[in-house]
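Welcome to a short tour of a protein model. Please keep the sequence and the 3D view at hand as you read.

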Amino acid sequence: MNHQDADQLIAKYLDNTATPEERALVENWYIFESDKRKLSDDDKFDHLAAELWAGTRQRAGLQTQPKVRSLWPRIAVAASIVFILSVGLFVLLKHNGTGQPGDNDQNRIGAITERFPTLILTDGKEVPLHKSKNEQLISQNSGLVTRLTNGVLNYQQGADNQIDNKVIAYNSLLVPSGAHYQVVVLSDGTKVWINAASSLRYPTAFNGDERRVELKGEAYFEVAHNAAKPFRVASNNQTVEVLGTHFNISAYDDDPAVKTTLLEGKVKVTGTVNHATRFLLPGQQAVLGKNAFTVSKAETAEAIAWKNDQFEFQDDNIQHIMRVIARWYDMKVTYEGPIPDDKFGGTINRNSDVTESLNILELTGKVRFHVKGRQIVVSK
């Protein structure tokens with residue numbers, strides 16, 4: 001689609017001659033853009049804006065009715081649509097499903113599977129974390145564990161502020177595929193957001209001269225500053241050391257590399273096999289692969305999109321995208337025929353139905369999907 005085509009598409013929408021598919025394209029683009037930023041006023045587009053909010057959001061099942069905001073002038077609209085389509089992935093807030101592969105109800109998989117994080121205590125006891133009420137779980141090693149109403153696990157130092165240095169109690173929090181991430185507030189005040197298909201092992205209270213945790217999968221850390229006691233994260237073939245900072249680690253076993261993305265502060269990343277060390281500054285990412293250990297400018301929005309309930313892809317291949325989708329929706333992925341080698345980019349609401357997310361990818365015309373039960377078949 002070029003600029004002229006996009007301009008004609010807007011014109012067809014305005015004079016009510018667009019097809020249902022073309023109307024959905026314009027409407028969903030507008031919802032995404034208007035949610036993403038404050039749009040400038042243009043009286044010529046007020047009637048279109050009113051119809052978009054009153055119609056599309058109602059069909060999307062959204063309860064709130066945001067204040068109507070005007071579309072950008074026609075030239076900006078056309079340019080933005082061209083950009084979104086040019087990167088290969090159109091962004092939808094809520095797709096109402098006009099075609100493949102979601103028309104068959106038995107193939108529709110819910111956005112989030114009914115699976116819950118599990119807290120595993122030192123003695124092996126498993127505590128499922130699916131209740132929403134306030135509840136004191138257990139007192140361990142002078143640390144009080146409390147679950148809050150928003151799903152946060154909070155480790156609080158005991159009133160006597162004493163830690164048994166001879167006994168270190170370790171807990172593990174497991175967030176399975178198809179489950180929401182879980183937030184943990186460690187005993188030092190560090191906050192950890194844990195993504196699906198991930199686990200974090202940590203002491204209920206930190207003693208000694210370091211604060212050390214072990215990660216499998218992906219997590220975002222906001223580390224409480226303590227210059228006398230560095231915070232270390234051991235993950236797949238690397239250790240990240242900080243004093244106090246914000247960063248994301250993606251260390252899934254099925255990914256070809258471990259990615260550490262720094263948003264604030266400074267971190268040291270050390271490979272446990274080759275013992276090579278890299279230092280990161282804000283906005284940088286370390287990528288540790290089998291044969292390379294590099295540092296480059298980071299796409300920070302993409303790295304932490306999961307924390308904001310979004311999939312964000314920027315020039316990614318379909319295999320990477322399907323690994324991300326499979327973890328979130330708890331699905332299995334297989335490929336039929338040659339694997340598409342196209343690159344995709346864009347943003348999808350992670351709370352959408354899996355078929356809606358796949359529909360968005362199919363709009364590129366570069367890939368097709370067939371969903372059967374909990375399996376996704378990918379083809380060109």
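The model is predicted, so to speak of local features a pLDDT of at least 70 is needed, and side-chain atom pairs count only at pLDDT 80 or more, while totals for chains, interfaces and linings use all residues. Residues are numbered from 1 along each chain as its sequence is written, and side-chain values use heavy atoms, with hydrogens and water left out.

**The pocket**

Let us begin with the largest pocket. On a 1 Å grid over the protein atoms alone, a pocket is an open set of points where a 1.4 Å probe fits, with protein on both sides within 12 Å along at least five of seven lines; lining residues have an atom within 4 Å of a point. The volume of the largest pocket is about 750 Å³, where volume means the space filled by probe spheres set on the points, which are joined across faces, edges and corners. Its lining has 35 residues, and Lys 259, Glu 302, Asp 316, His 320 and Val 324 lie nearest the centre.

| Element | Residues |
|---|---|
| Strand S13 | 246-251 |
| Strand S14 | 258-264 |
| Strand S18 | 293-297 |
| Helix H5 | 300-303 |
| Strand S19 | 310-317 |

**The whole protein and its cores**

The protein has seven helices and 23 strands. Of its 380 residues, 49% count as buried, meaning under 20% relative accessible area with a 1.4 Å probe and protein chains only. A nonpolar core is a set of buried Ala, Val, Leu, Ile, Met, Phe, Trp, Tyr and Cys residues joined through side-chain atoms within 4.5 Å. The largest one has 38 residues, and Tyr 202, Phe 221 and Phe 247 have the most contacts inside it. Strand S10 (residues 211-222) provides the largest share of this core, four residues. Another core lies apart from it, with 22 residues, including Phe 311 and Met 331.

Strands count as paired if DSSP finds at least two bridges between them. S20 pairs with S23 (residues 375-379) in the parallel sense over four bridges, and Tyr 335 has Val 378 as its bridge partner in S23.

**A buried arginine**

Arg 350 sits in the loop between strand S21 (343-349) and helix H7. Is Arg 350 buried or exposed? With 2% relative accessibility, Arg 350 counts as buried. Contact means heavy atoms within 4.5 Å, and beyond its neighbours within four places in sequence, the contacts of Arg 350 include Tyr 181, Trp 306, Asp 309 and Trp 328.

**A hairpin**

Strands S7 and S8 form a hairpin with five residues between them, and Gly 189 in the turn has a positive phi of about 95°. The two strands pair in the antiparallel sense over four bridges.

Definitions and conventions
Buried means under 20% relative accessible area, exposed over 50%, partly exposed in between (1.4 Å probe, protein chains only).
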